[in-house]
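Let's take a walk through this model, one spot at a time. Have the sequence and the coordinates open as you read.

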Amino acid sequence: MKRVPPSVRLREEIEGLLGHTETSRAPGEPPMMGFVGRLARYMLQVAIEAEATAFLGRGHYRRGDRQRVGWRNGYEPKHVQTEAGALELAVPQLRGTDEAFRPTVVDRLRTRTADLETLVRGMYVRGLSTQDVSALYHDTFGASRLSKSTVSRVTQQLNQEFETWRRRDLSELPVVYLFLDGQYHAARRGSDEKEGVLSAYALLEDGRPILLHLDLGPRESYDAWLTFLQDLVARGLRDPLLVVMDGAPGLVKAVKRAWPRAYRQRCQVHKMRNILAKLPRLMQAKMKGLVRQIFLAPTYAAAVKRGRDLIAKFKDRYPAAMECLERDLEECVTYLRFPEAHHQRIRTTNRLERLNGESRRRTKVIPRFPTERSCLSLLYASLITASRHWRGIHMAVRDLKQLQQLRAAVAPAKEDAAA
């Protein structure tokens with residue numbers, strides 16, 4: 001019985017993920033990451049085995065012309081750490097040759113894993129057409145080894161996976177803290193205009209972090225944000241207890257419309273920038289320290305009092321800056337109503353902005369996406385990859401009790417006001 005090369009086994013696993021046979025993923029492994037990780041391994045494994053065949057001058061179980069002696073003698077595992085996780089490659093061990101066999105792909109990846117990371121990210125973006133997948137492999141490794149049928153199954157799977165994720169049911173997710181933010185990308189061919197990509201990230205009742213949704217939202221307008229939030233509601237998302245966001249007028253208005261009973265926390269970093277922008281340069285450092293004393297007060301009541309005192313003291317000298325602070329004073333310190341252990345995580349949108357910043361870093365090498373879908377697919381891929389390293393929050397019993405009390409207290413008050 002002939003031994004099967006590693007590339008054949010990998011191809012069978014890929015076909016299993018495409019629905020042709022049964023296969024398994026590692027526990028907790030996102031489906032798309034499992035698929036792309038195997039695809040990356042397959043492409044590299046095929047390249048390594050092709051190098052061994054060229055080196056010997058003959059394929060598996062074939063006699064050569066004896067111009068180069070030697071034979072295959074099993075495989076040695078090699079691990080490469082990439083954004084798709086640790087990929088295990090099987091390097092053919094050749095015996096009886098005049099010179100040592102060193103596959104160029106492995107040597108290249110040992111010192112330049114960015115090449116493989118480019119490949120993995122690009123599969124999401126350029127992998128949406130048969131021609132581009134083969135072109136991407138050729139651009140990265142100088143050869144194309146994927147058949148048209150394999151690429152077609154790959155592109156279909158990537159489309160289905162992303163579409164399933166963005167339409168999945170959200171009714172079983174008990175969201176406590178919801179973070180909303182937008183970023184801008186050139187998402188359409190033939191246009192230099194960048195469009196907003198809206199994102200939602202949440203912390204659940206058990207402390208787990210989760211990426212909820214991504215979608216296009218031109219100019220982060222009210223209509224764009226309202227459509228985005230209504231999509232979450234239509235898919236069953238329960239009212240969040242606290243929404244953390246920047247001060248974009250369209251976003252604030254949309255949140256009030258979608259979840260009138262939710263508490264709102266203005267990102268303190270954004271608010272600080274807005275205040276300082278309205279001050280003389282020589283006053284900015286001093287005012288920053290004074291505003292920080294408000295934002296980091298021990299209690300909500302103390303923060304509101306400090307804010308009003310500061311406004312009264314400087315409103316004649318710096319009316320624009322004080323008006324900016326006064327306009328959202330209470331919402332800037334809402335987080336102080338919540339469990340102290342959560343304060344650092346919920347007073348800004350920094351976590352989501354860092355995630356979006358990582359997406360921008362990974363996409364800056366792509367000047368323009370060919371389609372809207374390819375833009376969203378890469379952002380999704382980048383964030384799903386990063387999600388494996390997201391840190392949740394600890395939910396102590398006393399914290400849960402405090403959150404329950406906050407939810408019970410706010411709902412009747414908001415309902416009465418609406419009535």
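Which residues does Arg238 touch, not counting those up to four places away in sequence? They are Ser171, Glu172, Leu173 and Pro174, where touching means contact, that is, heavy atoms within 4.5 Å. Pro174 is 64 residues from Arg238 in sequence, yet their C-alpha atoms are 6.8 Å apart. Arg238 itself belongs to the loop between α7 (222-234) and β6 (242-245). With a relative accessible area of 43%, Arg238 is partly exposed; the scale calls a residue buried under 20%, exposed over 50% and partly exposed in between, using a 1.4 Å probe and protein chains only.

A word on the ground rules. This is a predicted model, so to speak of local features takes a pLDDT of at least 70 and side-chain atom pairs count only at pLDDT 80 or more, while totals for chains, interfaces and linings use all residues. Residues are numbered from 1 along each chain as its sequence is written, and side-chain values use heavy atoms, with hydrogens and water left out.

Now step back to the whole chain. The protein chain has 17 helices and seven strands, taken as DSSP runs (H or I over at least four residues for helices, E over at least two for strands) and numbered from the N terminus. Of its 419 residues, 51% are buried. Take the contacts between residues at least 6 apart in sequence: 66% of them join residues at least 24 apart.

You'll find Leu403 in helix α17 (residues 397-418), and it counts as buried because its relative accessibility is 5%. Beyond its neighbours within four places in sequence, Leu403 contacts Val176, Tyr177, Leu241, Phe338, Pro339, His342 and Met395. Leu241 sits 162 residues away along the chain, with 8.1 Å between the two C-alpha atoms. Tyr177 and Phe338 turn up again, together with Tyr263, in one aromatic cluster.

Speaking of rings, the structure holds six aromatic pairs. Rings of Phe, Tyr and Trp (its six-membered ring) pair if their centres lie within 6.5 Å, and the planes count as stacked under 30 degrees, edge-to-face over 60 and tilted otherwise. One of the pairs, Phe55 with Phe101, is tilted, at 5.3 Å centre to centre and 55° between the planes. Phe55 is in helix α2 (residues 31-56) and Phe101 in the loop between β2 (85-95) and α3 (104-111), 46 residues apart. Both Phe55 and Phe101 are buried.

Pro103 lies in that loop between β2 and α3 too, and is buried at 6% relative accessible area. Leaving out residues up to four places away in sequence, Pro103 touches Ile48, Glu51 and Val91.

Finally, look at α9 (residues 268-276) and α10 (residues 281-295), which pack at about 145° with axes 10 Å apart. The axes are lines fitted to C-alpha atoms over the stretch in contact, and angles run from 0 to 180 degrees between N-to-C directions. Gln268, Lys271, Met272, Ile275 and Leu276 of α9 meet Gln284, Met287, Lys288, Val291, Arg292 and Phe295 of α10.
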